[in-house]
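Colleague: I'm new to this one, and I'd like to learn how to read it feature by feature. Could you walk me through it?

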Amino acid sequence: MRAVVLAAGTGTRMRPLTYAKPKHMLQVAGKPVLEHILDFLRLANIQDVCIVVGYLREVVMDYFGDGDRFDMNITYAHQEKRLGLAHALKYAQPHLENDNFVMVLGDVMIRLDLKEMVEHHLAHNAVATIGLATVDDPTPFGVVKMDEDLRISKLIEKPKVPPSNYVITGLYIFDNEIFSAIDKIPKSWRGEYEITDAIQLLVEQGDPVYGYPALKYWKDTGRPTDLLEANKKFLSDYLGNYIVGEVHQGCEIDGIIRVEKGSVLHTGVKIHGPVSIGEDSFIGPNCELGPYVQIGSNVRLVENVTLANTIIMNNTLVSNDAVIKDSIIGEKCQIGPEVIAEGTDNVFGVVIADHSVVGPNITFTPGNTLGPHSTIQPQPTANKNQESE
């Protein structure tokens, strides 16, 4: 079976992080979100994948190439103009054989047995099977109504009165009948060709469309808090320590830790796992990391840095005595000494985009964002949502 991954969105809700890279390439637990999706597909023995790309497509294509280093065969389809998920899927049609295929959105983190979902689809002779999750409040999502045999009778987008708590997750199995349905649907009120409209047409034609509500985990990584939550989950899935870097005497490690080659944990470092540290990074004396910290490659924490529930991307410097929690720091940033950022239960601490410089003694109030190539110098409290022109 083949797969289509839709990775053409711009990720406006993840700005300022997505000014320089697609949202699908933001890292969670040491890998881009899109690489986690490929891992998910590979577990089901799916090796032939078409990635539909759009915004900053070269970032995706340069990273994944032809798929050889991921033991996959990857091709690409370019959606030149964003006109909905159904429109994006049509671009992948020439890359598919006349058979069933998996489709997954490029910004969702999923845990389930995809092999069992495929078996469910084939056993019911379905033309479409939709991966479902249950949520307490389904009103912001697409919701399905289905019978006790899981056959779907209606799809409703963001219902005021939901018929169920089963929401559409962005994982589907289709046969080629979906393309005939896409050709028949008009644009929605948003001016896009909606995949839910195409599936609803299949339902109305009497075609067998089923739900599959056996998801173990699902997260749409559309916002910074979602990315941090997914990072927590996937770091927590590590089964044991993996240390190929250098750990000096006097370090204290509690919980699961990954330290890639070339990285150094200096004397006095304290780790509260799960924590992941990429290649060639330096964790200076008396730094305290964790839990739920992802450090990229070639990152330098100078001394006495405290991090928790935070993602630090590649090639970034964090100076001494900084305290950063519940935050996301982009690539090639410079964070000065004694910088403080910490979130609340519902609000992230700070999001700082690539190539930014934060001077010493800056304290961020929760929910701050800093755009790419920004510079902020000492002041009592950083103004909210500062971005470079």
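**Reading the model**

Modeller: Let's begin with burial: of the 389 residues in the protein, 54% are buried, where buried means under 20% relative accessible area, exposed means over 50%, and partly exposed is in between (1.4 Å probe, protein chains only). Keep in mind that this is a predicted model: local features need pLDDT of at least 70, side-chain atom pairs count only at pLDDT 80 or more, and totals for chains, interfaces and linings use all residues. Residues are numbered from 1 along each chain as its sequence is written, and side-chain values use heavy atoms, with hydrogens and water left out.

Colleague: How many helices and strands does the protein have?

Modeller: Helices (H or I, at least four residues) and strands (E, at least two) are DSSP runs, numbered from the N terminus. Here you get seven helices and 36 strands. The radius of gyration is taken over C-alpha atoms, and the globule rule is 2.2 Å times the number of residues to the power 0.38. For this protein the radius is 22 Å, close to the 21 Å from the rule for 389 residues, so it is as compact as a globular protein of that length. The C-alpha trace spans about 65 × 40 × 35 Å along its principal axes.

Colleague: What share of the contacts with a separation of 6 or more comes from residues 24 or more positions apart?

Modeller: A contact means heavy atoms within 4.5 Å. In this protein, that share is 46%.

Colleague: How far apart are the mean positions of the positive and negative charges?

Modeller: Lys and Arg count as positive, Asp and Glu as negative, while His and the chain ends are not counted. Each charge is placed at NZ of Lys, CZ of Arg, CG of Asp or CD of Glu. There are 34 positive and 50 negative charges, and their mean positions are 4 Å apart.

Colleague: Can we look at single residues now? Is Val 143 buried or exposed?

Modeller: Val 143 is buried, at 0% relative accessible area. You'll find Val 143 in strand β9 (residues 142–146). Leaving out residues up to four places away in sequence, Val 143 touches a list of residues including Lys 154, Leu 155, Pro 159 and Tyr 166.

Gln 200 is another one to click on, in helix α6 (residues 195–204). With a relative accessibility of 14%, Gln 200 counts as buried.

Colleague: Where is Val 259 found?

Modeller: Look in strand β17 (residues 257–259). Val 259 counts as buried, at 0% relative accessibility. Among the residues that Val 259 touches, not counting those up to four places away, are Tyr 242, Val 244, Leu 265 and Ile 277. From Val 259 to Ser 276 there are 17 residues in sequence, and 6.3 Å in space, C-alpha to C-alpha.

Colleague: How many disulfides does the count come to?

Modeller: A disulfide is a pair of cysteine sulfur atoms within 2.5 Å. The count comes to zero. Take Cys 333: its sulfur is 17 Å from the closest cysteine sulfur, in Cys 287, so that is too far for a bond. Cys 333 is also buried, at 1% relative accessibility.

Colleague: What about the backbone: what should I look for there?

Modeller: Most residues other than glycine have a negative phi, and most peptide bonds are trans. In this model, the peptide bond from Gly 273 to Pro 274 is cis, with omega near 5°, and Pro 274 is in the loop between β19 (270–272) and β20 (275–277). Gly 290 and Pro 291 are also joined by a cis bond, with omega about 0°. Pro 291 is in the loop between β22 (288–289) and β23 (293–295).

Colleague: What is the phi of Tyr 292?

Modeller: Phi of Tyr 292 is near 60°, a positive value in a residue other than glycine. Tyr 292 sits in the loop between β22 and β23 and is partly exposed at 25% relative accessibility. Asn 286 also has a positive phi, near 65°. Asn 286 lies in the loop between β21 (282–283) and β22, and is partly exposed with a relative accessible area of 43%.
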